[in-house]
Amino acid sequence: MFLELFLGFLTFLSIWDFLYKRHRNKLFKNAGITGPNGLPLFGNVLKLINLNTETLFEFNKLMRRKYGKMWRLWFFNQERVFVQDPKFFESIFSSQHVISKNNSYSLLLPWLGDGLLLSTGSKWHARRKIFTPTFHFKILEQFVEIFDQNSAILVKTLYEKADGKTVIDIFPVVCLTALDIIAETAMGVKINAQINPDFPYAKAVTEVSQIVATRVIKGNQRYDISFMITAPHIAYRLKKQIALMHDFTDTVIKDRRVALEKSITDGSNIPIKMSDDVGVKKRMAFLDVLLQSTVDGKPLSNSDIREEVDTFMFEGHDTTTSGISHTCYLIARHPEIQQKLFDEIQEVIGDDKNKAITMKDLQELKYLDIVIKEGLRLYPPVPVIGRMTDSDVVIDGKWIPANTNITMLLYAALRDPDCFSNPDQFIPERFLNEKIDPFANVPFSAGPRNCIGQKFALLEMKSTISKLLRYFELLPLGEEVRPMQNLILRSASGINIGLRPRVYS
Ligand code: HEM
């Protein structure tokens, strides 16, 4: 009896699955989007079974060659549309309607909660409005000193390895600097991660990113129940590391709350309320804004605050780490570009290595600007982003049905030969000489859901990279990078360089 019921249910499910996929495939075909045939119920899941976050890039290339710049896969009964077409990007980024994130982001919920990255609708609108002024130029200007002080600790840490022959994987070292920076600027708390190379939060971020990115690909890990049954050890590690990260962010919030209350009782450093014209004299940490904000007259709850702190701590350090590390890797392997950068640094800042950098100096480092742009193009720290259509929409003239999971392949688009000449080569000058479609070059995304920390990130990158170049010559040592799409762009072989103390002539 049980077997008969089960077989009956399976038959019903298979028929429903067949009809549903046939209907959706027809809609996609009309929109010019095709993909491989899949198995009943499973779709194309088995095609992905042997992939990992490194081989995914090759797979994307293969699919693009077969199906063009837009293609689809079936992940069980869920279709995923993959895009690397700037015209389609433009349509999505310009839309006020396609702003929800796709299903894969739900895997981040236990860690980041419904913070700015994941939230949607009125909650996202209200939060984005609160945070936008905290990234105003006048506020960022006050962070330049912190960028500089923390990069000074970075060069001090690296000095002992700067013998011209030691291979240094720069990612974990820069990661601690970036953590110190985001904690001190946005959260107003010193965490001294650089003094503790085994900083557990940083290790937890790396492990959780790897696990979550793998869950996006692997059919058996995608849903909680099958994840716990088929990979219990990994599920346990994930839970443990998320708890560790939450403990850490709870401490950050507690420390800042205490400091804030103390400053109010002392009258020493009363935080200034945000105003539209941002007439701020003192430093206004992002977390202070959260602790003081109200939505509909009510203060934000502890869990509201925690989800935003988790989001900004993560988005605000791993991304810049990836950007700084890959750009240094490229500079180390292009001595002529490194020389031009150093000439510019000498011209703008002079020969005194210890002189603190100013906002004016940073703004004058124009060649560094395009070097960083080119670094972010070749190695975008956020290699893919996703959107979900909440209703039927027309995107780039194509009718896309509601509930379509869209994955935008930024890494692929940023190396598209139709948009960039010699796309795999590091040519910063292309940003002066080539006419580049602004929607083909979107490492920070674009439109209403673009990166809120873009200016912060660029200043931090300029400050850190220029500091490294003032103290060291970057050398092309160690294995080449092997990109991995672990939420953030990382490298399976490390991001290797060598260092030699810089001699000023
Ligand atoms: C080079 C460094 C960075 C890159 C390349 C980068 C890139 C991106 C991209 C592509 C998105 C869109 C994500 C999506 O649609 O899923 C994004 C969103 C976001 N980024 Fe960044 N980011 C960087 C640095 C930062 C920093 C330093 C912060 C914070 C201080 C930050 C905070 C955020 C937040 C909160 C969002 C979500 C915004 C929203 O949905 O309204 N990012 N970033």
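Visitor: In which helix is Phe-2 found?

Guide: The model under discussion is predicted. Phe-2 lies in a helix that spans residues 2-30. That helix is α1.

Visitor: Why does Phe-2 count as exposed?

Guide: Phe-2 contributes to a nonpolar surface patch together with Leu-3, Phe-6, Leu-7 and Leu-10, and the accessible area of this patch is about 530 Å² in total. A residue is classed as exposed over 50% relative accessible area. Phe-2 therefore counts as exposed, its relative accessibility being 68%.

Visitor: How many of the residues of strand β9 are buried?

Guide: Strand β9 covers residues 405-409. From β9, Asn-405, Thr-407 and Leu-409 point one way, while Ile-406 and Met-408 point the other way. The residues on both sides are buried, and the count for β9 is five of five.

Visitor: Which residue stands opposite Ile-385 in β9?

Guide: β9 is joined to strand β2 (residues 78-83) by four bridges in a parallel arrangement, with Phe-82 partnered by Thr-407. Strand β6 (residues 384-388) is joined to β9 by five bridges and runs antiparallel to it. Opposite Ile-385 of the model stands Met-408.

Visitor: What is the bridge partner of Asp-169 in β13?

Guide: An open, antiparallel sheet of three strands has the order β3-β13-β10. Its edge strands, β3 (168-169) and β10 (472-475), each pair on one side only. Two bridges connect β3 with the antiparallel strand β13, residues 496-501. Within β13, the partner of Asp-169 is Asn-496.

Terms used
Residues numbered from 1 in each chain as written. Predicted model: local features only at pLDDT ≥ 70, side-chain atom pairs only at ≥ 80, totals over all residues. Heavy atoms only, no water. Pairing = 2+ DSSP bridges. Patch = residues over 30% accessible without salt bridge, like charges linked within 9 Å, V, L, I, M, F, W, Y side chains within 5 Å. Areas by Shrake-Rupley, 256 points an atom, 1.4 Å probe, with all protein chains shown as cover. Salt bridge = Lys/Arg side-chain N within 4 Å of Asp/Glu carboxyl O. Buried < 20%, exposed > 50% of the residue type's maximum accessible area, 1.4 Å probe, protein only.
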